Amino acid sequence: MPNKPRKILLLGGTKEAAERAAELVAQGADVTTSLAGRTREPEPVAGKVRVGGFGGVEGLADYLLQNAINELIDATHPFAIQISANAKAAAERTGVTLTVLTRAPWQRETGDNWHILPSPEAAVDSPPPGATVLLALGSQHIAPFARRKDVHFIIRMIDRPQAPLPFAKHTIVLGKPSSEPDKEASLLKAYGVTHIVCRNSGGPGAYGKIVAARTLGLPVIMIERPTP
Ligand SMILES: NC(=O)c1ccc[n+]([C@@H]2O[C@H](COP(=O)([O-])OP(=O)(O)OC[C@H]3O[C@@H](n4cnc5c(N)ncnc54)[C@H](OP(=O)(O)O)[C@@H]3O)[C@@H](O)[C@H]2O)c1
């Protein structure tokens with residue numbers, strides 16, 4: 001009997017998901033990448049793309065059944081814990097096979113000056129008054145820092161915000177993190193950054209700033225991964 005054709009829903013929004021989509025399409029699988037729709041102009045990915053939430057576990061389970069999906073791959077960002085929980089529950093409910101691709105977290109190395117904290121909220125009071133902080137958290141997670149009127153924030157974002165940000169002192173830098181430490185070091189020096197606030201995302205894409213901070217001797221306020 002011929003093998004059942006692979007019909008895959010890939011929960012994406014990460015570089016790894018795009019790489020996996022390209023591999024699977026090259027193998028002849030029918031792949032749909034699902035994006036949450038947070039980025040205005042997402043990078044193109046191989047195969048089909050759908051955009052937007054499913055409407056919780058129920059909506060995702062319905063999608064799997066209605067589209068005759070036989071494999072679900074969760075390649076979402078390690079901090080995207082809601083969609084990962086939904087994927088697990090929807091897979092259990094429908095019997096669709098779930099594969100989870102999780103990046104390993106970064107490990108502290110000699111020369112790293114990390115202050116590890118459990119959440120963005122817990123990190124708000126960490127930079128000293130007068131600091132210039134690269135706030136590398138993603139636009140959804142920066143709001144708690146707005147109460148620090150005594151800190152200048154360098155806020156890196158992919159898309160320009162639609163409304164003014166509620167920060168007393170800030171500079172917006174449009175763009176993605178670089179994997180190249182030299183580029184990140186140039187940015188840190190150009191803006192006079194004294195501290196970095198970021199999450200332990202893992203993977204090479206955003207690691208450039210960690211190496212740059214090590215080289216420049218800058219403290220990194222590192223938010224650890226949420227417990228699923
Ligand atoms: N968190 C980050 O820092 C980060 C960084 C880079 C990329 N991303 C990507 O951005 C997306 C959103 O991240 P988040 O932290 O907001 O996630 P989240 O908190 O886990 O998800 C919130 C809701 O957004 C919808 N959603 C999330 N990912 C989706 C996807 N791939 N396809 C369709 N709907 C999705 C779901 O809505 P419904 O319940 O309505 O289905 C989910 O319940 C993720 O796909 C993630 O891979 C996130």
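Q: In which strand is Arg156 found?
A: In this predicted model, Arg156 is found in strand β8, which runs over residues 152-157.

Q: Why is Arg156 called buried?
A: The relative accessible area of Arg156 is 10%, and the term buried applies to values under 20%, so Arg156 is classed as buried.

Q: What makes the pairing of Arg156 and Glu184 a polar contact?
A: The side chains of Arg156 and Glu184 are joined at 2.8 Å, and because the cut-off for such a pair of N or O atoms is 3.5 Å, the pairing is counted as a polar contact. Glu184 is also listed, with neighbours within four places in sequence left aside, among the residues in contact with Arg156, which include Leu134, Leu135, Val173, Lys176 and Lys209.

Q: How do you know that Lys176 forms a salt bridge with Glu43?
A: The closest N and O atoms of Lys176 and Glu43 are 3.0 Å apart, and since a side-chain nitrogen of Lys within 4 Å of a carboxyl oxygen of Glu meets the criterion, the pair is therefore called a salt bridge.

Q: Into which domains is the protein chain divided, and what residues does each span?
A: The chain is divided into domain 1, spanning 7-100, and domain 2, spanning 114-223, with 7 residues of domain 1 and 11 residues of domain 2 taking part in the contact. The centres of the two domains, taken over C-alpha atoms, are separated by 29 Å.

Q: What is the area buried between domain 1 and domain 2?
A: About 800 Å² is buried between domain 1 and domain 2, with carbon and sulfur atoms giving 47% of that area. On the side of domain 1, Arg38, Arg40 and Phe79 lose the most area to domain 2, together accounting for 58% of what that side buries. Between the two domains the count is 1 salt bridge, while 4 residue pairs are found in polar contact across the interface.

Q: Where does Ala68 lie, and what is its phi?
A: Ala68 lies in the loop between α2 (56-66) and β4 (71-74), and just after α2 it takes a positive phi of about 50°.

Q: Why is Ala68 called exposed?
A: The relative accessible area of Ala68 is 52%, and because exposed stands for values over 50%, Ala68 is placed in that class. In α2, by contrast, the buried residues include Val57, Leu60 and Tyr63, and among the elements that cover the buried residues of α2 are β1 (7-11) and α3 (81-94).

Technical notes: Residues numbered from 1 in each chain as written. Predicted model: local features only at pLDDT ≥ 70, side-chain atom pairs only at ≥ 80, totals over all residues. Heavy atoms only, no water. Domains from an automatic or database assignment. Contact = heavy atoms within 4.5 Å. Buried area = accessible area lost by both parts, 1.4 Å probe. Polar contact = N/O pair within 3.5 Å; in protein donor to acceptor, adjacent residues only side chain to side chain. Helix = DSSP H or I, 4+ residues; strand = E, 2+ residues; numbered from the N terminus. Buried < 20%, exposed > 50% of the residue type's maximum accessible area, 1.4 Å probe, protein only.
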